[in-house]
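Please look through the sequence and the model shown below before reading on.

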Amino acid sequence: QVQLIESGGGLVQAGGSLRLSCAASGRTFSSYAMGWFRQAPGKEREFVVAISWSGGNTYYADSVKGRFTISRDNAKNTVYLQMNSLKPEDTAVYYCAGSQARGTMPMMDRRSQYPYWGQGTQVTVSS
């Protein structure tokens, strides 16, 4: 089992950048695929990006491709989300999630693949 704590959210102007972090407890972090999801007010939680347990494979939602970058440091039990060129429509609560599933990366866009979730961090992008 893994516990996840996100940080790094905040208020930023459109065009700006933020880096989110997700710190995981436990000694088995390196065996987990990790994902970031987001939920805007009144909307469903949606997939943003996923990274494989090794970091060698990633999968992005089209809406963030080319602007966001996911990475992980298994020695620090942490996954990161670098967000550049932020837009007002990126405003949401961002959640990291962990999974021991071994499916293909496109399968990792499903919430059902992730049994472990953080509490979320708010990102607000002003226009």
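## The disulfide

A disulfide is a pair of cysteine sulfur atoms within 2.5 Å. The model described here is a predicted one, and by this rule it holds one disulfide. The link joins cysteine 22 to cysteine 96, with a distance of 1.9 Å from S to S, and, with an angle of 45° about the S-S bond, the link of cysteine 22 and cysteine 96 is right-handed.

Which parts of the chain does the pair tie together? Cysteine 22 belongs to strand E3, whereas cysteine 96 belongs to strand E9, which covers residues 92-99, and the pair therefore ties together parts that lie 74 residues apart in sequence. Both cysteine 22 and cysteine 96 are buried.

## The sheet

Strand E3 is also part of an open sheet of four strands, in which the order is E1-E3-E8-E7 and the pairing is antiparallel. At the edges stand strand E1 (4-7) and strand E7 (68-73), and because each of them has a single partner strand, one side of each is left without a neighbour in the sheet. From one strand to the next, the twist averages 15°.

Within this sheet, strand E3 (residues 18-24) and strand E8 (residues 78-83) run antiparallel and are joined by six bridges. To find one place where they face each other, look for leucine 20, which stands opposite leucine 81 in E8.

## Two buried residues in loops

Is asparagine 77 buried or exposed? Asparagine 77 lies in the loop between E7 and E8, and its relative accessible area is 19%. Since buried means under 20% relative accessible area, asparagine 77 counts as buried. When residues up to four places away in sequence are not counted, asparagine 77 touches Cys22, Ala23, Ala24, Ser25, Gly26 and Phe29, and in this list Cys22 is one of the two cysteines joined by the disulfide.

Phenylalanine 29, which asparagine 77 touches, is found in the loop between E3 and strand E4 (33-39). Phenylalanine 29 is buried as well, with a relative accessible area of 0%. Again leaving aside residues up to four places away in sequence, the residues that phenylalanine 29 touches are Ala24, Met34, Arg72, Asp73, Asn74, Asn77, Thr78 and Val79.

How far apart in space are phenylalanine 29 and phenylalanine 47? These two residues are 18 residues apart in sequence, and their separation in space, taken from C-alpha to C-alpha, is 20 Å.

Conventions
Residues numbered from 1 in each chain as written. Predicted model: local features only at pLDDT ≥ 70, side-chain atom pairs only at ≥ 80, totals over all residues. Heavy atoms only, no water. Pairing = 2+ DSSP bridges. Axes fitted to C-alpha atoms, helices over the stretch in contact; angles between N-to-C directions. Buried < 20%, exposed > 50% of the residue type's maximum accessible area, 1.4 Å probe, protein only. Contact = heavy atoms within 4.5 Å.
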